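Work through the exercises below with the coordinates open. Each task is followed by a stepwise solution.

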Amino acid sequence: EGDKTALIGVNGCGKTTLLKILAGIENTDKGNIYKNNELKLNYLEQIPKFDKNHTIYEHILSDNDLKSTLLKKYTKAVETGSEEIYKIIEDMEKYDVFSYESEIKSTLSAFGIDNFNYIMGELSFGTVKRVAIVKVLLNESNFLLLDEPTNHLDIDTIMYLQEFLQKTKKTVFMVTHDRYLLDSVCNVILEIDKQTLFSYAGNYSFYLEK
């Protein structure tokens with residue numbers, strides 16, 4: 001809990017497959033996976049999946065966690081003039097959802113996205129990747145699985161992501177070829193070599209030394 005772990009190894013050794021198994025997307029040939037009952041996992045894939053008709057904001061709120069659900073109910077109540085809006089606002093204040101909404105917009109802006117109504121299907125791949133990262137970082141979770149998070153990002157966005165990962169209390173498990181990110185964020189390196197896993201209690205420089 002709280003570790004920032006990187007999984008490294010030569011191309012084709014199974015890094016992405018292992019992430020997909022942990023995320024529940026692929027099955028194991030044998031063996032078992034045991035998960036803490038309090039685990040709330042968010043997974044950033046190399047090629048993010050999305051509804052091409054959603055706006056950026058709708059995509060960010062497309063999960064069914066409590067805060068996203070309340071924000072969607074609030075938006076619908078405002079549009080329809082529903083009397084339920086007062087109860088929804090009460091719940092939003094109780095769970096600090098207005099702060100969450102503000103955090104979504106400020107983080108999107110930090111990632112260079114200022115218009116939240118753009119349609120996902122009309123975005124460049126780089127912008128889709130930035131939106132996907134914001135969604136994974138902010139949606140309710142305590143465990144982040146990140147597959148090549150810095151691919152297709154400019155240096156300013158990478159620096160913001162690096163700072164976020166350094167400060168977050170969430171557990172991070174990632175695959176990346178970004179050696180600077182490995183050195184500045186990770187405190188555990190796991191290496192896959194010939195179908196065997198080796199663990200190093202330090203950053204990438206420590207791993208290279210050992």
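## Exercise 1: a surface patch

Ile155, Met159 and Tyr180 together make a nonpolar patch on the surface, with about 340 Å² of accessible area. The model is predicted.

Solution. 
1. Read its relative accessible area.

## Exercise 2: salt bridges

Task: state how many salt bridges a search of the whole structure finds, then examine the pairs Glu140 with Lys40, Glu45 with Lys49, and Lys167 with Glu163.

Solution. 
1. Take the total. The search of the whole structure gives seven salt bridges.
2. Start with Glu140 and Lys40. Their side chains meet at 2.6 Å, N to O. This pair links distant parts of the chain, 100 residues apart. Glu140 sits in the loop between helix 6 (125-138) and strand 3 (143-147). Lys40 sits in the loop between helix 1 (15-23) and strand 2 (41-44).
3. Glu140 is partly exposed at 39% relative accessible area. Lys40 is partly exposed at 40%.
4. Move to Glu45 and Lys49. Their salt bridge has an N to O distance of 3.0 Å. Glu45 is buried, at 14% relative accessible area. Lys49 is exposed, at 60%.
5. Finish with Lys167 and Glu163. The closest N and O atoms are 2.9 Å apart. The two residues are four residues apart in helix 7, so about one helical turn separates them. Lys167 counts as exposed at 60% relative accessibility, and Glu163 as partly exposed at 37%.

## Exercise 3: two packed helices

Task: describe how helix 3 (residues 66-80) and helix 5 (residues 97-110) pack.

Solution. 
1. Packed helices are described by the angle between their axes and the distance between the axes.
2. Read both values. The angle is about 90° and the axes of helix 3 and helix 5 are 10 Å apart.
3. Classify the angle. The range 65 to 115 degrees counts as roughly perpendicular, so helix 3 is roughly perpendicular to helix 5.
4. List the contact residues. Helix 3 contributes Lys67, Ser68, Leu70, Leu71 and Tyr74. Helix 5 contributes Val97, Phe98, Tyr100, Glu101 and Ile104.

## Exercise 4: the surroundings of Thr28

Task: which residues is Thr28 in contact with, leaving aside its neighbours within four places in sequence?

Solution. 
1. Thr28 is in the loop between helix 1 and strand 2.
2. Thr28 is partly exposed, with 34% relative accessible area.
3. Name the contacts. They are Ile21 and Ile33.
4. Thr28 and Leu18 lie ten residues apart in sequence and 9.0 Å apart in space, C-alpha to C-alpha.

Notes. Residues numbered from 1 in each chain as written. Predicted model: local features only at pLDDT ≥ 70, side-chain atom pairs only at ≥ 80, totals over all residues. Heavy atoms only, no water. Patch = residues over 30% accessible without salt bridge, like charges linked within 9 Å, V, L, I, M, F, W, Y side chains within 5 Å. Areas by Shrake-Rupley, 256 points an atom, 1.4 Å probe, with all protein chains shown as cover. Salt bridge = Lys/Arg side-chain N within 4 Å of Asp/Glu carboxyl O. Buried < 20%, exposed > 50% of the residue type's maximum accessible area, 1.4 Å probe, protein only. Axes fitted to C-alpha atoms, helices over the stretch in contact; angles between N-to-C directions. Parallel < 35°, antiparallel > 145°, perpendicular 65-115°, else oblique. Contact = heavy atoms within 4.5 Å.
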